[in-house]
Amino acid sequence: MEASTARERVDGYLERSGLARQNPRVVPLTGDASDRKYFRVLIPDAPSIVLSLYANPFDVRTLPFVNVATLLAKMPVPIPAVLGHAEDLGVIALEDLGDVTLQAHLGAASPTEHAALYRQAVALIAMMQRRGAELASSEYLPYGIAFDVEKLTWELDFFTKHFLEAYRGVTLTPDQRDAVRDEFAVLVRELAAEPRVLCHRDYHSRNLMLHESQLYIIDFQDARMGPDTYDLVSLLRDSYVDLPDQTVQELIAYFLALKGLTGTEPEFHERFDLMALQRNLKALGTFGYQTTARRNPVYIQYIPRTLKYVRDNLANQPRFERMRDLLATHVEEFR
C-alpha cells in the first residue's frame, strides 16, 4: 500500500464521513508488525480519532477485528470503540487511546503504579477467560480456531525458518531438521492437549494502552482458544519488558486467586514454563522475520531477552535437555 494511495483513502473516508468539512489535520502514526497503516485525525473542538487502513477492502461482517471487538465489548473489557468504517476503502475508524502503551509508561511509573497496572492487566486476562467461557458461540471467530497441534507446530517451524536459518544463518541437514522437529513435537502435543480458554494471543505491554488511568486492550483480532497460561505468559515473559522473578511469582499467585485456584501453584508453574518455552521460541521467529524479510531492525533489541527466557526454560526442564543441546549446537546462547 503506497503512502500516496493510503492518504487518498484517508481523504476519501474524511469526505464520506463529513469530517473533511471540519478541516482536520492528519498525522501518520508508527505502525505495528502487521501490514496495516494508522493515521490520527485531529479535529478542531472534537476528540481525535484513529484510522486503521487495511491492505485490501473488506466485508465488515466478517472482519476479524470487528467480530472480536463485538465479543470483547460484551464482557465488557476496555477496548477502543469502533466509530465507523468504509469497506471499499479498507478503513476502520477507532476511538483514539493516545500514544502511551504499558511498555512506554513503565519507565515513568512509580513502583506502586507499576504493580497496580500489572494487577489490572492480570485481572483482564481472568475476565476474558471467565466471560469468554460464558459467551462462547460459533458467532464469534475465536471459538472456531485454536492453538492446536497444527498451529503450534507451524509457529515452531516459523522459528526454525526465520530465526535459525534466516537470522542466524544456520544450515540444517535433513536429519538435524527432523531431530529438532521431533523435540518440538513433544512440546506441542502437551500444549495442544490442555483444556482451552479464550486467548488474546498477543497480550503484552505493547498491546495494552494506558488511557485515562485505565488499561485498554488492542490488537486482538487474532484471538483464539488455547491454554489458560497463554496470555499470562505473554504478559509476564514479555520480550519488551524485564519483570523481577518475585513480581512474576506474585502476579501468578494473584491470577490463580482471581480464578479460585489458590493451591495449584506447582502444577500451574510447570504448565506456565512449558507455554513460555513455545511462546518465546515463536517470538524469536517473529523477530527474525521482521529483521530479515521485512527489513525492520527495531526488534533486534528484544532478541537477547527472549533468548534468555528460552535458555532459562530449557535449563529448568531436564526432559528438554536434548532440545537444548540441538539448538545450542547452532546458537550458543541457548546453552
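User: Is Thr101 buried or exposed?
Analyst: The model is predicted, so local features need pLDDT of at least 70 and side-chain atom pairs count only at pLDDT 80 or more, while totals for chains, interfaces and linings use all residues. Residues are numbered from 1 along each chain as its sequence is written, and side-chain values use heavy atoms, with hydrogens and water left out. Buried means under 20% relative accessible area, exposed over 50%, and partly exposed in between, with a 1.4 Å probe and protein chains only. Because its relative accessibility is 14%, Thr101 counts as buried.

User: Which residues does Thr101 touch, not counting residues up to four places away in sequence?
Analyst: Thr101 sits in the loop between strand S5 (91-95) and helix H3 (102-106); helices (H or I, at least four residues) and strands (E, at least two) are DSSP runs, numbered from the N terminus. A contact means heavy atoms within 4.5 Å. Leaving out residues up to four places away in sequence, Thr101 touches Ser205, Arg206, Leu208 and Met209.

User: Why does Phe272 count as buried?
Analyst: Phe272 belongs to helix H9 (residues 265-292). Its contacts beyond four places in sequence include Leu232, Leu236 and Val248. Phe272 counts as buried because its relative accessibility is 1%.

User: What separates the C-alpha atoms of Phe272 and Tyr230?
Analyst: Along the chain, Phe272 and Tyr230 are 42 residues apart.

User: Which residues have the most contacts inside the largest nonpolar core?
Analyst: A nonpolar core is a set of buried Ala, Val, Leu, Ile, Met, Phe, Trp, Tyr and Cys residues joined through side-chain atoms within 4.5 Å. The largest one has 92 residues, and H9 gives the most to this core, with ten residues. Those with the most contacts inside the largest core are Leu235, Leu236 and Phe334.

User: How many residues line the second largest pocket?
Analyst: On a 1 Å grid over the protein atoms alone, a pocket is an open set of points where a 1.4 Å probe fits, with protein on both sides within 12 Å along at least five of seven lines, and lining residues have an atom within 4 Å of a point. Arg237, Asp245, Lys308, Tyr309 and Asp312 lie nearest the centre of the second largest pocket. Helix H10 (303-316) is among the elements that give two or more residues to the lining. The total of lining residues is 15.

User: What does H4 reach from its first C-alpha to its last?
Analyst: Helix H4 (residues 111-134) has 24 residues.

User: Which peptide bond is cis, with omega near -15 degrees?
Analyst: Look in the loop between helix H2 (64-73) and strand S4 (82-86), where Pro76 lies. The cis bond runs from Met75 to Pro76.

User: Is Ser213 buried or exposed?
Analyst: Ser213 is in the loop between strand S7 (208-211) and strand S8 (214-217). Its phi is positive, about 65 degrees, although Ser213 is not a glycine. Because its relative accessibility is 66%, Ser213 counts as exposed.

User: What is the phi of Arg295 near?
Analyst: Arg295 lies in the loop between H9 and H10 and is exposed, with a relative accessible area of 64%. Its phi is positive in a residue other than glycine, near 55 degrees.

Definitions and conventions. Expected span 1.5 Å × (residues − 1).
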